[in-house]
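Colleague: I am new to this structure. Could you walk me through it and tell me how the terms are decided?

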Amino acid sequence: MSNSVNISVETTCENQIREIAYDGTELYQPPPTLSESLAKCAARIDFSKTSLDDLKKEEKTAAAAEEEIKDANPFQESLWPWDAVRNKLKDAYTEICVLSDVISIAKDKRYLVLDPLLEEGDDTKPIVQVYSRKKAISQAAQVLLGGAERIRNAHSEQRSRNVSDFHIELLRLRQNWRLKKVSNGAIIGDLSYRTAGSKFGMSGTFEVTKAEDALDEENVGNTTGASANSTGSGSNNGMQLKASSALRVIVPSELQGVAYIKVITQKDQEDLCTAQVNLMGHGPNITAQVGVWQKTLEFAQNVLFCKELFAQLAREAIQLQAPIPHVVIGNQIRATLLPNIQLIISLCHSTSFDSSQPAPINDHDHVLEHSLHQLLREVHYKNSHHPFPHPASAPLGPSKKRMVAGPTAADREALLDMTKTQTILEQIIAQAQHIFMRKRTQYVLDTLARDVKDPQIVSHWNAMNSPTMSCVKINIVTHGYDAIGRTSLVIHVKERSLKCICRDGRVMRLSYEPQELRDLILCQINSHQISCLVSLARCMAWTVLSNSNHLGIGKVEPLGNASSCLLASPNSDRMIAVQIRCDPQIDVKVYIARSPRQDFFPSPLVPEKFWENLGGNFKEVRFDKIEGKSFLNKMEFLMASLTCNTA
C-alpha cells in the first residue's frame, strides 16, 4: 500500500487585498453590504432613454432577443438583470406624469371639476340609539353594584369576626421594623442598633407568626409565654390588650418586661435627686393605627437599649483610672462626684408587674436622657464611620486633624489633645459635677440675696450654656442709688471649680466649696459700699481724705479685710470715719469728729490758738438709730445734717 500524501486546498480569494503588513500578514477588504451592492447596481441604470419611441424600440428588440435566446437556450438568463426594475420605474414615471396633468387641469377648473362622492348612510332612528346607550349604562351599573356588594360583605364579615388580614398587618409591621424571610419560610425581625453602628452582643431578633385558629385570636390578650399580647400586657403594667391581631410577635425572654436606668445622687445616704432614662413615652403613639404588637416591640427595644447603655457604662467604669475608683456591682455603678457625693447608676429590669411593689419615681430628667442618647449615638457613629485616608496611601485610623498636623506644624501639646477622648461615663460624671456646682452656686446666691437686704444682689443666669459650664452675672446695687455706682462680676461655673471675673479685671479661681463663694460675695459687698460712699460724698461736696479696701489696723478679721473711708465736710470742721467689716455679716461703724476742739486750752507747750483746728477725738455714732432704709441713705442724712449744723 502506497504512502498517503497531504494535499492542501485553498479557496480562491474573493475579496481584494487591502494591505500587506511587514510580517507578511494580508488584510482583506470586507465584502460589500447589501446596501452597497444595491447602490452599485443602481448606478448602472441609464435613465437617459426615457422617450416613448426609444422605449418601444427597446421593448421590441428585447422581445426579439428573448425569443431568440429561448429558442437557442431556454435556460439562459437575461443579459441585464435590472430590466424588471427599469420597467417598474418607467411605469411609475408614466403614472406620475398623468397625475400631474390631471391635477393641473383640475386646478384651472375650465375643463374638469372634482366633486366628492356622498356615501349612502344607514337610516338610524334616535330612539334606537337611546335604547342602546341605556342598555350599556345599565350593564355597567350592574357590574359596579356587584363589586360594591362584594366589598361590603367582606368588610361586614371582617368586622363581625374582628380579625384583621395577616398580610395587611405584616405590611404595617414592615413599615416600622426591619423584617426578612429566612430559608425555612419563617419571618424574623431585628430590634438592635447594629445598622447604626452598635457592637452590642445581645441578640435583638424576634419572630413573626400567623395566628392559626380563631380561638387563639380571641384569647391572644390572655395568653402567656411567647405571644405578642402577653408580652405587651406584662410590659404595659399588667393591662391586658383586648384587641386581636392576625399575627403574633415572639420576642426573646431576656427582652420581655419593663426596663429603665435609674440615676441617683447621694450625699451621706440622702438622695439629692433622682432621674429615670428610657425610650418610652417619646414620639407619636401609633399603637392604635398599626396593631397591638407595636407596644410589645417598643418595650423589647427599650430593654435592649437600657442593657446596651448600661453595659457600655460598666465597661468604661472598669477601664477608667479615677482618683477614687469606680465600683461596679451587679446592675449598679457607683462613682464619686465630689467629697461625700456619689453618683449611682442602676439598671432596673422587671419581667412582671406586681401591684404590691412600690411604683417607680416619675422624675424624668430630659437633659440627662438627651445627653445619654447623644453620647451613645456618637459611639455608634464612630464604630461605623472611619475617616478616609488622605492621601490614599496613608494608614486607616488617624483623624483629619492628625493628618494635617505635619503641614500645620502642630506641637506636642496639640498632638496630645487630639488623642484625648472622653468616654460616656466621664462626660456624664462631668455633667453631674457641673449640675451640683451650679446648684450650690444658686443656693449661695439666693441665700445671700435673702439675708443681705442692703445692698441688693441681682443674679442673671445665661440661658445658653454648655453641659459642663454655666455663666452668671451678679450685680450689686443699692436701691435708689443705682446711678451712683454698681458692682458687677461674672462667675463661670465649671465642673469642679469657679472662675470669678471682677469689674476691675481681676480673675479669681475658687474651688467647689460654697463658703469660698460666700466670702467672695461678702467682700464684694464691702467694697461696693465704700466705693458708693465715696461717690456720694463727692456729689455732696465732701472731701475724701482717705480710702482703703484693706485696712491694716485693728483686730484680725476672720473673713477678708476691713474697708475704711475718711471724709471731711466742705468747711473742714466735721470729719466722718467709716469702717466696714465682714464678721461674718456686714458690720458698719461710723465715727464723727468736730473742729475746732471744744476742750482745747492753751498751755505753755502749745500756746497757739490754731492748734484747736486739728479736731477732737472721734466719737462713735449709733448708726442703727439713724433714719434711712439703706447704708447710703443713712450716710446721706448724716452728711446733710452735719453740713447744716456747720452752716
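**The cavity and its surroundings**

Modeller: Met437, Arg440, Thr441, Val444, Leu498, Ser511, Tyr512, Glu513, Pro514 and Leu517 line the largest cavity. This is a predicted model, where local features need pLDDT of at least 70, side-chain atom pairs count only at pLDDT 80 or more, and totals for chains, interfaces and linings use all residues. Residues are numbered from 1 along each chain as its sequence is written, and side-chain values use heavy atoms, leaving out hydrogens and water.

Colleague: What makes something a cavity, and what volume does the largest cavity have?

Modeller: On a 1 Å grid over the protein atoms alone, a cavity is a set of points where a 1.4 Å probe fits but cannot get out, and lining residues have an atom within 4 Å of a point. The volume, meaning the space filled by probe spheres set on the points, is about 50 Å³ for the largest cavity.

Colleague: Which element gives the most to the lining?

Modeller: Helix 13 does, with four residues. A helix here is a DSSP run (H or I, at least four residues), numbered from the N terminus.

Colleague: Why is helix 13 called oblique to helix 14?

Modeller: The two pack at an angle of about 40°, with their axes 10 Å apart. Angles under 35 degrees count as roughly parallel, over 145 as roughly antiparallel, 65 to 115 as roughly perpendicular and the rest as oblique, so helix 13 is oblique to helix 14.

Colleague: What is the partner of Leu498 in strand 16?

Modeller: The bridge partner of Leu498 there is Leu510.

Notes
On a 1 Å grid over the protein atoms alone, a cavity is a set of points where a 1.4 Å probe fits but cannot get out, and a pocket is an open set with protein on both sides within 12 Å along at least five of seven lines; lining residues have an atom within 4 Å of a point. Two strands pair if DSSP finds at least two bridges between them. Axes are lines fitted to C-alpha atoms, for helices over the stretch in contact, and angles run from 0 to 180 degrees between N-to-C directions.
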